[in-house]
Amino acid sequence: MYEPLTEQKAVALAIRLGLFQEDALLSCQEIGDGNLNLVFRIVNERTNDSIIIKQALPYAKVVGESWPLTLKRATIESQALRTFASYVPQYVPKVYYSDETLAITVMEDLSHLQIARRGLIEGKTFPKLSEHIGEFVAKTAFYTSDFGMNQQQKKKLAQQFTNPELCKITEDLVFTDPFFDHDTNSFETELRADVEQLWQDDELKREAAKLKRLFLTKADVLLHGDLHTGSIFASDDDTKVIDPEFAFYGPIGFDLGQFFANLLLNALSRHESEREPLFTHIEKTWDVFVRTFTTCWQESNEPYARVSFVLDDIVSDALVEAIGFAGCEVIRRTIGLAHVADLDELPLERRLEAKRHALRLGRELIVQREHLPIHAIKRLVQQTAHVNS
Ligand SMILES: Nc1ncnc2c1ncn2[C@@H]1O[C@H](COP(=O)(O)OP(=O)(O)O)[C@@H](O)[C@H]1O
Ligand SMILES: CSC[C@H]1O[C@H](OP(=O)(O)O)[C@H](O)[C@@H]1O
């Protein structure tokens, strides 16, 4: 029987599931700082062993009970973590147990690492982040694609990860609401003129519509579906991807685009002289993605994999998609329902300047996406720093 856990109930559940020794002295704290779920950290004070119990609520936590949300997202999350672990175990937490009725995932405690968003805000660079994320995306994409697995099995896996309610959140919050005067939007009153200019920009909205259609229809690979820097734990040596409850079969460039966008949002929060590490991460992520995907490609049993330029076409499509999706994510994180601490924690004048820059950059990423090599993104950030520059 489902019931939302409390700290006490989480401890009782851990004992009932035999997750700790009999003589354990357990403490528990709810540490969830995301928009949707409860996260309990349970520690055996005698041994310092610990686990995480993540539980879905029957609604979106950030909005409340007025926004009901499927508990099935917990099963999507635990199954996605297990699927990713079969390709890149080093980049996801171990899953110890899951239960569909309770909507829980019991997993490895990663508290020795730091959420990448917070570390980047503190000025850290996490030197291995881009290499690890580039490999994570390349391998999960290839091995769940029609080129890396049996095409009949891929259709079954796509069915398993059908995730309509969470996809609807992205279809609305990333691809629709920020481009219209919608009540989910949230932005400073000083930005109204900039936002109304965006709402009247039919050239931009025509391109956003194309990107939304790709998201709705292109079932390329199993995506994480929400790969922002708040879904990544990092240190100087390790990287772990969490929170794949938005996982579904979608366009190959989507995860890359959301990751690029959140690196760019951190870059905009910094003074110009401190942005280089973020541009380096974007370029390195792309380079490692291409190199790793190309290496995996040699294993493909698809006859067309041996035909010239088939791989090149997929890679170039992925970049165009990623840059366009990045533009949508930059815009929605600036004026939509779900913001990012990188910008929202800035003092007002710098925040307004950074958010105006983000709106201009997001627009140009979307409309110029077919003509932007990865190394041109840095220049685009500089070009959009000021109006009419
Ligand atoms: N495996 C884990 N180990 C340690 N802390 C975790 C773990 N998973 C989540 N957390 C903590 O809980 C927070 C919210 O987790 P997340 O999965 O992003 O929840 P939501 O789905 O609500 O966004 C993370 O920012 C992190 O602080
Ligand atoms: C109402 S969900 C808003 C937003 O939150 C999700 O992120 P997270 O689960 O990490 O908090 C996702 O990005 C959704 O778009």
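This report describes an annotated site, an annotated domain and the helix packing in a predicted model.

## Basis of the model

The model is predicted: local features need pLDDT of at least 70, side-chain atom pairs count only at pLDDT 80 or more, and totals for chains, interfaces and linings use all residues. Residues are numbered from 1 along each chain as its sequence is written, chains are lettered from A and ligands numbered from 1 in the order in which they are written, and side-chain values use heavy atoms, with hydrogens and water left out.

## Annotated binding site

An unreviewed UniProt entry lists Asp 226 and Arg 332 under "binding site". UniProt positions are in the numbering used here, feature names are shortened, and annotations may be inferred rather than shown by experiment.

Asp 226 lies in the loop between strand E9 (221-223) and strand E10 (232-234), and Arg 332 belongs to helix H11 (residues 310-335). Helices (H or I, at least four residues) and strands (E, at least two) are DSSP runs numbered from the N terminus. Asp 226 is buried, with a relative accessible area of 8%, and Arg 332 is buried at 7%; buried means under 20% relative accessible area (1.4 Å probe, protein chains only). Beyond four places in sequence, the contacts (heavy atoms within 4.5 Å) of Asp 226 include Asp 243, Asp 255 and Arg 332.

## Annotated domain

The unreviewed UniProt entry gives residues 28-260 as "domain: Aminoglycoside phosphotransferase". Over residues 28-260 the chain is 36% helix and 21% strand, and the end C-alpha atoms are 35 Å apart.

## Helix packing

Helix H10 (residues 276-297) packs on H11 at an angle of about 150°, with the axes 11 Å apart. Axes are lines fitted to C-alpha atoms over the stretch in contact, and angles run from 0 to 180 degrees between N-to-C directions. H10 and H11 are therefore roughly antiparallel, a term for angles over 145 degrees. Residues in this contact include Trp 286 and Phe 293 of H10 and Ile 314 and Leu 319 of H11.

Helix H9 (residues 254-269) and H10 pack at about 165°, with axes 9 Å apart, and are therefore roughly antiparallel to each other. Leu 256, Phe 260 and Leu 263 of H9 are among the residues in this contact, as are Phe 279, Ile 282 and Trp 286 of H10. H9 also packs with helix H13 (residues 348-367), at an angle of about 140° and with axes 9 Å apart. Leu 264, Leu 265, Leu 268 and Ser 269 in H9 meet residues of H13 that include Ala 354, His 357 and Leu 361.

## Buried residues of H6

In helix H6 (residues 164-173), the buried residues are Leu 166, Cys 167, Ile 169, Thr 170, Glu 171 and Leu 173. They pack against strand E5 (64-68), helix H2 (73-85), helix H8 (202-217), strand E12 (248-250), H9 and H11.

Technical notes: Buried < 20%, exposed > 50% of the residue type's maximum accessible area, 1.4 Å probe, protein only. Parallel < 35°, antiparallel > 145°, perpendicular 65-115°, else oblique.
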